[in-house]
Amino acid sequence: MRRRAQWLLWGASLAVYAFLYVPLAVVVIFSFNDSLLNAEWVGFTLSWYRKLLADGEMLAAAGNSLAIALLSSALATVLGAMAGIAMQRWRLPWLPLLVLTPVAMPEILLGVSLLLFFRQVLDLTLGFFSILVAHVTFSIGFVAVIVRARLAGMDEGLLEAARDLGATPWMTFRRVTFPLILPALVAGFLMSFTLSIDDFVITFFVAGVGVTTLPLQIYSMIKVAVTPEVNAVSTLLMALTLTMVLAATRLAPDILRRGR
Amino acid sequence: MPLLEIKGVTRRFGDLVAVDGVSLAIEAGEFFTLLGPSGCGKTTLLRMIAGFDEPDQGALFLDGRPLAGIPPEKRPVHTVFQSYALFPHMTVAGNIAFPLEMAGKPRGEIARRVAETLALVHLEEKGGAYPHELSGGQKQRVALARGLVNRPRLLLLDEPLGALDAKLREEMQVELINLQRDVGVTFVFVTHAQQEALALSHRIAVMNRGRVEQLDTPERLYTAPASRFVADFIGKINLVDVEVTGNSHGHAGLRSPALGDLAAEPGNGVVPGERGVLALRPELVRVAARGETVELRNRFPGTVRELLYLGDVTLYKVQLEAGPVIEALLANAAPGRAKLFKAGDAVTVAWRHDAGVFLRG
Ligand SMILES: Nc1ncnc2c1ncn2[C@@H]1O[C@H](COP(=O)(O)OP(=O)(O)OP(=O)(O)O)[C@@H](O)[C@H]1O
Ligand SMILES: [Mg+2]
C-alpha cells in the first residue's frame, strides 16, 4: 500500500517535471539540428548560431534588450530599495499597497494602462524610453519586497546603535544599512534583470514601431515559422536567464534560501 | 554642578504615563543605577538621555547645557544595549573602531585606542573575529569596549547582563566595577535585579510606575527603605501591620492587631494613630528553641513551617501562634550541623526594638 503510494508520487512528479522541461530541451536540441524543420534529428551544426550572429535586426534587438534590462534593473534597484526601507521604517499601511500593486496586476492591464498613460497623458513617442520606464515600474515591487524582508530580519537596534555611537543618518546608511542590505540589492537587481530581459506582454504595448527587443523579435519571427534560428536565440536567452538565477543564488544565498 | 540633571521629566504614550515627573542629578564619576520592576519606565528614561526620545514635560541638562533638540550622534553619551547590537558585518576591532571613526580621529590613534580597549576587556586575541563567532560574555565585553572607547561623558547600560547566565553575570559584575573605576566614565546602569544594583552602584534610584520612589546609597536603601514598595522590592523583608501608639522619649510604641504591643523606634515625625507596617529584615530576626530564655521584649512563640536550605544560610518560615508568618535568615555556622531547626519544631521568634523600620501606608 505504502509502496504503491510512493510509486504514484514519484511517477506524478516525474510527469510534472517532464512536462516542464521536455519542451525546453527540445528547443535546445533542435537549435543544433542541421535541418530547417523541427521534425527529426539530422545532424549537429552551429550554423543557426552563425546565422544569428549575422542577423542585424536580431543583434539590434538583443542590444536593446540588454541595455533596457541593465538600466531598468539598476533604476528599479535604487527606487525599490528606497521603497523597501520606507516600508520597514515607517510601516505606512498604504505604501506596500502602492508599491506591490504593479506586481500583482495582470500584465496585460499594466501594459494597456502604461500605453494609455504614455500616449494620452504624456504624449510621448513610444520607444526605448517608454520601455525602460515600463520595466522599472514592474520591477520596483520585487526589489522592495526583497529589501524589506532583509530589513525585517535585521536588529533595528543596530541603526540606533550607530546613531548612538556618533554616526549621522547618512553615515548610518553608508556604514550599516547599506552593507547589510547589499545581498538583497544584488538579488533584487538580478531578479529585475531576468524579469526585464524576457518580458513580452508589457513591452509589446509600449514598444512602438521603432524599437524592438529580443522577445518581440522572436515573436515576429515565429509568426512566420518556428525556425531553428528561433530555437538558437531562445537557447541563448535561456542560458543567460539561468546564469542570472545561478548568480543570484551564489551571490545572495541567504536571501533566496530564506533565513538570515 | 552635576554632570546630568533631569528636571521634572514626564513622558506619555497615549494614556500611559511611562515616566512621571522624574527629577534627579547624577555626579561625574558615579556608578548610578535605575532600579525597578519591568515596565516602570527605566528604558524610556534612558532613551531620553541618549536622545532617541524627547520628554513631553521637563528637561535634561548635561554639564548645565540643555539637551533638548540635540540628536543622539551629537550627545557625548553612548549606550550598551541589552541585545548588544554589535554590527554583524564588522569584526570586533571594526566595531570598536566605529565610534572613533565617526568622531573623525586619525588612523594611528584609532589603531592604538582599539588595541588599548581590547586589552581593557581582555579580548586582545579576538580583534579579527566576527560577532557571531563570540560567546555571550565576549559579545558583552565588545559592546562595553565599543561604548567606552571614545570616552563618552556618560555611558548608559540597559540591562547589559540580562542575557548572561548566573555565574558569568557575577564575573561581569566584578569586571564592571573595576572597569568603571579604572576609566572613570560615569555609568547610568539599568536593571530590575536588586542584588545586582546593590552590588554595583554608588547610588540607586528605585523606580515604580514612572516615578522615583527613593534615591539613596545601597546601604541606606537596604537598611532604611523610605516606602513599603522599596522595602518589599529590595531584599527579603517581613511586613507586620501596625499602628503608632505613642512617641515619647524615643521609645515609641507600635501596636500590631495580631501581636499586641511592640517595642520599636518608629523614627521622627510619626504621630500616634498613624497606620503602617513594621518592616523587618529576616537576618535581624532571631530564632531560639522553645526552652531557651530570650532576653528581648519582642518575642513570640511559633512553629517552623518551612525551611529553605541555601548552603551558607537557611531561611526559616515560622508560623506564629498569634497569626502572622515571620521569615528568619540564620547562618549555618556550626560545622557538621547544617540546619538548626527542622519543620515542626516549636521555637521562639524575637527581634531587637531597633531592628525594624516603620513605614507609612
Ligand atoms: N514607544 C512606546 N509606545 C507605547 N508605549 C511604550 C513605548 N515605549 C514604552 N512604552 C510603555 O511605557 C512603559 C515603560 O516602558 P519601559 O520600556 O521604559 O519599561 P522598563 O522599565 O524599561 O521595563 P523593562 O524592565 O521590562 O525593560 C511600559 O508600560 C511600556 O509598555
Ligand atoms: Mg527596559
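Predicted model: local features only at pLDDT ≥ 70, side-chain atom pairs only at ≥ 80, totals over all residues.
The residues around ligand 1 are Phe13(B), Leu16(B), Ala18(B), Ser38(B), Gly39(B), Cys40(B), Gly41(B), Lys42(B), Thr43(B), Thr44(B), Glu159(B) and His192(B).

I sorted this shell by class. Four residues are nonpolar, six are polar and two are charged.

Next I looked up polar contacts to oxygen atoms of ligand 1. Ser38(B) places a polar side-chain atom 2.5 Å from an oxygen of the ligand. Glu159(B) also uses a polar side-chain atom, and here the distance to a ligand oxygen is 3.2 Å. For Cys40(B), the atom is a backbone N or O, lying 3.2 Å from an oxygen of ligand 1.

I then checked how much of the ligand is covered. Ligand 1 alone exposes 630 Å², and the protein buries 58% of that.

Which elements give two or more residues to the shell? The largest share, three residues, comes from α1(B).

I moved on to chain A and its surface. Val16(A), Tyr17(A), Leu20(A), Tyr21(A) and Leu24(A) make up a nonpolar patch there. Together these residues have about 520 Å² of accessible area.

Leu24(A) sits in helix α1 of chain A, which covers residues 2-30. Why does Leu24(A) count as partly exposed? Its relative accessibility is 36%, and the partly exposed class lies between under 20% for buried and over 50% for exposed.

Note on methods: Residues numbered from 1 in each chain as written. Chains lettered and ligands numbered in written order. Heavy atoms only, no water. Near = heavy atom within 4 Å. Polar contact = N/O pair within 3.5 Å; in protein donor to acceptor, adjacent residues only side chain to side chain. Areas by Shrake-Rupley, 256 points an atom, 1.4 Å probe, with all protein chains shown as cover. Helix = DSSP H or I, 4+ residues; strand = E, 2+ residues; numbered from the N terminus. Nonpolar A, V, L, I, M, F, W, Y, C, P; charged D, E, K, R; others polar. Patch = residues over 30% accessible without salt bridge, like charges linked within 9 Å, V, L, I, M, F, W, Y side chains within 5 Å. Salt bridge = Lys/Arg side-chain N within 4 Å of Asp/Glu carboxyl O. Buried < 20%, exposed > 50% of the residue type's maximum accessible area, 1.4 Å probe, protein only.
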